[in-house]
Amino acid sequence: MRKSINTVSFPLILSASYDDIKQIMRTVGQRLKDYYAGKPDEKLAEALDRLRNDVYFEIIPMYYHSRYTLESISERLFTDISTIGRNKKRLLIELYFEML
């Protein structure tokens, strides 16, 4: 079963500006790139473990570790590219709140 953003963080994301969300995505994205490049990050590893059962979890290692494009991920997962992009964004935001 997919775990969604907890009820404490949900109001925070609703009140966040577009720029805040973009900054969250950049920050988490960079941490993921560093993590998959071999830099230890215990909080990120724990957050990834908690989200591992998400239906779209594989987007994260495919994009940040294997460096697949969103288009190639959509082809491999037999899913529309907009679904991949939307769920990548959702997962990055959930990772951010899992690491708080």
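Visitor: Why is tyrosine 63 called partly exposed?
Guide: Buried means under 20% relative accessible area and exposed over 50%, with partly exposed in between, using a 1.4 Å probe and protein chains only; tyrosine 63, at 28% relative accessibility, therefore counts as partly exposed. Tyrosine 64, with a relative accessible area of 5%, is buried. This is a predicted model, in which local features need pLDDT of at least 70, side-chain atom pairs count only at pLDDT 80 or more, and totals for chains, interfaces and linings use all residues. Residues are numbered from 1 along each chain as its sequence is written, and side-chain values use heavy atoms, with hydrogens and water left out.

Visitor: What makes tyrosine 63 and tyrosine 64 an aromatic pair, and of which kind is it?
Guide: A pair of aromatic rings is described by the distance of the centres and the angle of the planes. Rings of Phe, Tyr and Trp (its six-membered ring) pair if their centres lie within 6.5 Å, and planes under 30 degrees apart count as stacked, over 60 as edge-to-face and the rest as tilted. The count by this rule comes to three aromatic pairs. For tyrosine 63 and tyrosine 64 the ring centres are 4.8 Å apart and the planes stand at 75°, so the pair is edge-to-face. Tyrosine 96 and phenylalanine 97 also pair edge-to-face, at 5.2 Å centre to centre and 85° between the planes; here tyrosine 96 is partly exposed at 27%, while phenylalanine 97 is buried at 10%.

Visitor: How do you know that aspartate 41 and arginine 31 form a salt bridge?
Guide: Side chains of opposite charge can pair when their charged atoms come close. The term is used for a side-chain nitrogen of Lys or Arg within 4 Å of a carboxyl oxygen of Asp or Glu, and for aspartate 41 and arginine 31 the closest N and O atoms are 2.9 Å apart, inside that limit. Aspartate 41 sits in the loop between H2 and H3 and arginine 31 in helix H2, ten residues apart, and the pair links distant parts of the chain. Helices here are DSSP runs (H or I) of at least four residues, numbered from the N terminus. Aspartate 41 is buried at 17%, whereas arginine 31 is partly exposed at 29%.

Visitor: What makes the pair of aspartate 54 and arginine 90 a link between parts of the chain?
Guide: Their side chains meet in a salt bridge at 3.0 Å, N to O. Aspartate 54 lies in the loop between H3 and H4 and arginine 90 in helix H6, so the bridge ties together parts that are 36 residues apart in sequence. Both partners count as buried, aspartate 54 at 6% and arginine 90 at 17%. Through shared partners, salt bridges join Asp54, Arg90 and Glu94 into one network.

Visitor: Why are the buried residues of H2 said to line one face of the helix?
Guide: In H2, Ile21, Ile24, Met25, Val28, Gly29 and Leu32 are buried. The arc is taken from the directions that run from the helix axis to the C-beta atoms, and these residues fall within 125° of it, so they line one face.

Visitor: What puts the buried residues of H3 on the same side of that helix?
Guide: The buried residues of H3 are Leu44, Ala47, Leu48 and Leu51. They cover an arc of only 100° around the axis, which puts them on the same side. These residues pack against H2, H4 and H6, where packing rests on contact, meaning heavy atoms within 4.5 Å.

Visitor: Why does leucine 44 count as buried, and what does it touch?
Guide: Leucine 44 belongs to helix H3, residues 42–51, and its 0% relative accessibility makes it buried. Beyond its neighbours within four places in sequence, leucine 44 is in contact with Arg31, Leu32, Tyr35, Leu95 and Met99. A nonpolar core is a set of buried Ala, Val, Leu, Ile, Met, Phe, Trp, Tyr and Cys residues joined through side-chain atoms within 4.5 Å. The largest such core has 18 residues, and Leu44 is one of those with the most contacts inside it. Helices H2, H3, H4 and H6 are the elements that give two or more residues to this core.
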